[in-house]
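Here's a quick briefing to read with the structure open beside you. Take a look first, then work through the points below.

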Amino acid sequence: MRLVARFLRFWWTFIVGDDWRVALGIAVALGVSAMLVEAGVPAWWLIPLAAVGLLADSLRRATRA
Amino acid sequence: MTSALLFISAFLASGVEFVEALTIVLALGITRGWRSPLVGTAAAALVLAAIVAALGPALTLVPIDVLRLIVGALLLAFGLQWLRKAILRSSGYKALHDEEEAFHLETEEARRAGAGEHAGLDWYAFTLSFKGVLLEGLEVAFIVVTFGSSERNIPLAALGAASALLLVVLAGVALRAPLARVPENTIKFSVGVLLTTFGTFWGAEGTGVSWPGDELALPVLLAFIAFSAFGLVKLLERRRIQTPAEAPA
């Protein structure tokens with residue numbers, strides 16, 4: 001059981017890293033992008049802005065802490 | 001152009017990880033002899049090669065749009081992690097990684113650790129070098145597999161990683177010292193920008209987005225991410241300098 005927990009923790013740290021909100025934000029942005037495309041709205045601008053916004057927000061929290 | 005960026009990304013990301021792995025292997029080799037750390041390194045390299053060989057062809061069977069969505073999301077998560085750390089280091093909020101200090105710490109620990117032999121190997125040196133190379137190399141394997149499979153060109157990504165490995169090993173053998181002068185944070189910053197750019201490009205494509213100008217959007221995207229990241233460094237630097245002056249008031 002401890003081995004499984006360690007294995008899962010390793011992959012969580014490896015992919016998600018120090019700030020889980022960034023990973024969640026990426027998932028939300030990709031979901032919104034897919035919905036906009038489905039609705040016929042050009043969405044190429046969304047992910048770049050989301051990436052920079054998520055980075056800035058994560059840095060703001062890290063430096064404030 | 002995408003192929004060139006693919007090669008550069010794999011080369012830079014691998015180079016910086018191999019520099020860290022080299023520090024561990026050097027510290028062990030110098031203090032406890034070379035045989036066990038080198039066997040540990042070779043074993044880890046075999047495991048990493050097996051991971052790439054097994055996952056690479058399996059991923060090419062996934063439909064390209066689904067693959068780019070998954071790879072895009074992973075590269076974005078990964079790239080933003082690298083950028084975040086590199087920006088915190090560049091702006092002085094986090095200490096720079098010091099290879100010489102890491103080398104001295106590893107050397108000191110290796111000297112203090114007791115002797116223990118299994119199967120004719122110094123077990124401490126073997127396990128530590130195996131673990132170090134495997135963990136540092138896992139990020140390299142991840143980048144080679146994700147980048148390579150998205151561009152349907154895993155051999156080129158693997159070639160980028162192998163070239164970096166060769167260069168780091170040659171430099172390590174020649175100097176017999178940690179590669180402290182390698183501008184690690186600058187490389188990590190560049191890799192973060194590249195991973196975020198490709199993650200953004202492929203992730204958006206995976207959701208059905210058509211980029212204006214198709215692949216010509218890549219350099220524009222690269223410039224946007226790089227410019228934003230530099231802007232964030234400057235912003236944080238200014239804030240860090242201003243904060244202590246404001247504190248007493």
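Which residues touch the most other members of the largest nonpolar core? They are A:Ile26, A:Ala51, B:Ala10, B:Ala77, B:Leu83 and B:Val144, and the core has 82 residues. Keep in mind that this is a predicted model, where local features need pLDDT of at least 70 and side-chain atom pairs count only at pLDDT 80 or more, while totals for chains, interfaces and linings use all residues. Residues are numbered from 1 along each chain as its sequence is written, with chains lettered from A and ligands numbered from 1 in the order in which they are written.

**Chain B overall**
- Chain B has 8 helices and 2 strands (DSSP runs numbered from the N terminus: H or I of at least four residues for helices, E of at least two for strands).
- Along the sequence, the pattern of chain B reads α-α-α-α-β-β-α-α-α-α.
- Of its 249 residues, 46% count as buried (20 or more other C-beta atoms within 10 Å of a residue's own, with C-beta atoms placed from the backbone).
- A box of roughly 65 × 60 × 25 Å, taken along the principal axes, holds the C-alpha atoms of chain B.

**The core**
- A nonpolar core is a set of buried Ala, Val, Leu, Ile, Met, Phe, Trp, Tyr and Cys residues joined through C-beta atoms within 7 Å.
- Leaving aside neighbours within four places in sequence, B:Val144 is in contact with residues including B:Ala10, B:Val52 and B:Ile154 (contact means C-beta atoms, placed from the backbone, within 7 Å).

**Two packed helices**
- H1 (residues 2-32) and H6 (residues 154-175) of chain B pack at about 35°, with axes 7 Å apart (axes are lines fitted to C-alpha atoms over the stretch in contact, and angles run from 0 to 180 degrees between N-to-C directions).
- Their contact has 16 nonpolar, 6 polar and no charged residues (Ala, Val, Leu, Ile, Met, Phe, Trp, Tyr, Cys and Pro count as nonpolar, Asp, Glu, Lys and Arg as charged, and the others, Gly among them, as polar).

**Where the chains meet**
- Chain A gives 24 residues to the contact and chain B gives 27.
- On the chain A side, H3(A) gives the most, with 11 residues.
- By class, that side has 20 nonpolar, 4 polar and no charged residues.

**A look at B:Phe130**
- You'll find B:Phe130 in helix H5 (residues 123-150) of chain B.
- B:Phe130 counts as buried because 20 other C-beta atoms lie within 10 Å.
- Not counting residues up to four places away in sequence, B:Phe130 touches B:Gly40, B:Ala43 and B:Ala44.

Terms used
A residue is buried if 20 or more other C-beta atoms lie within 10 Å of its own, exposed if 12 or fewer, and partly exposed in between; C-beta atoms are placed from the backbone. Two residues are in contact if their C-beta atoms, placed from the backbone, lie within 7 Å.
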